[in-house]
Amino acid sequence: MTFFSAAPSSPGSASWIVRAASACLLFILLGACKPGAPDPAALAQGRVLYAQHCAACHGANLEGQPNWRERLPNGRLPAPPHDESGHTWHHPDEVLFAITKFGLVPPHAPAGYESEMPAFKDKLSDAEIRAVLAYIASQWSSPHVLAARAEMLRNARR
């Protein structure tokens with residue numbers, strides 16, 4: 001089967017529809033393989049690591065703890081959600097990586113800020129942290145969230 005023939009078929013003909021559908025499929029497959037696209041193995045690893053290290057606080061479905069915006073009696077905030085209802089997607093990748101690796105400390109929190117968020121630098125490798133973050137990001141599917149995040153990331157790179 002060739003995608004392009006010497007004599008073009010008219011739109012609506014069976015051969016035109018097959019070629020158009022094939023071209024669409026090719027573009028979809030190429031898009032899934034583009035540089036920077038999450039590696040399926042890394043996403044699978046990230047899902048397992050999230051379940052092992054993050055879900056106890058941030059929820060098995062990334063839903064966070066109840067009333068995550070209200071301070072606890074000890075003055076700390078509950079773990080926020082990592083799904084689209086939270087604020088994780090508002091932060092650049094470098095910030096999310098640093099908070100995960102080093103905990104919620106300066107420059108990403110005020111000096112002396114107390115948080116339940118542990119540092120994972122001694123528990124997870126950089127690649128594992130990136131896999132967890134890729135898994136979390138892979139769960140964001142709202143066109144609004146994806147567009148807003150893409151714009152935020154473009155602005156963060158300027």
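The chat below goes from the overall fold to a few individual residues.

Reader: Where does this model come from, and how many helices and strands does it have?
Author: It is a predicted model, and the protein in it has six helices and zero strands. Read along the sequence, that gives the pattern α-α-α-α-α-α.

Reader: What share of the residues is buried?
Author: The protein has 158 residues, and 28% of them count as buried. Its accessible surface comes to about 10400 Å², with 62% of that belonging to carbon and sulfur atoms.

Reader: And how much of the contact comes from residues 24 or more positions apart?
Author: If you take the contacts in the protein with a separation of 6 or more, residues 24 or more positions apart account for 45% of them.

Reader: What about the largest nonpolar core, which residues have the most contacts inside it?
Author: That core has 17 residues, and the ones with the most contacts inside it are Tyr-50, Val-132, Leu-133 and Ile-136. Helix H2 (40–53), H4 and helix H5 (126–138) each supply at least two residues of this core, and H5 gives the most, with five residues.

Reader: What does Val-132 touch?
Author: Not counting residues up to four places away in sequence, Val-132 touches Gly-46, Leu-49, Tyr-50 and Cys-54.

Reader: Changing topic, what lies over the face of Phe-97?
Author: Arg-130 does, at 4.3 Å from the ring centre.

Reader: Now His-58, where is it placed, and what does it touch?
Author: His-58 is in helix H3, and it counts as buried because its relative accessibility is 9%. Leaving out residues up to four places away in sequence, His-58 touches Tyr-50, Glu-63, Gly-64, Ala-79, Pro-80, His-82 and Met-117. With one of these, His-82, there is a polar contact between side chains, at 3.2 Å.

Reader: Is Thr-88 in a helix or a loop, and is it buried or exposed?
Author: Thr-88 is in the loop between helix H3 (55–58) and helix H4 (93–102). Even though it is in a loop, Thr-88 is buried, with a relative accessible area of 4%.

Reader: Which residues is Thr-88 in contact with?
Author: Leaving aside its neighbours within four places in sequence, Thr-88 is in contact with Pro-81, His-82, Leu-96, Trp-140 and Arg-149. To put the two polar contacts of His-82 together, its side chain meets that of His-58 and that of Thr-88.

Terms used
Residues numbered from 1 in each chain as written. Predicted model: local features only at pLDDT ≥ 70, side-chain atom pairs only at ≥ 80, totals over all residues. Heavy atoms only, no water. Helix = DSSP H or I, 4+ residues; strand = E, 2+ residues; numbered from the N terminus. Buried < 20%, exposed > 50% of the residue type's maximum accessible area, 1.4 Å probe, protein only. Polar contact = N/O pair within 3.5 Å; in protein donor to acceptor, adjacent residues only side chain to side chain. Contact = heavy atoms within 4.5 Å. Core = buried A, V, L, I, M, F, W, Y, C linked by side-chain atoms within 4.5 Å. Areas by Shrake-Rupley, 256 points an atom, 1.4 Å probe, with all protein chains shown as cover. Lys NZ or Arg CZ within 6 Å of the ring centre and 35° of its normal.
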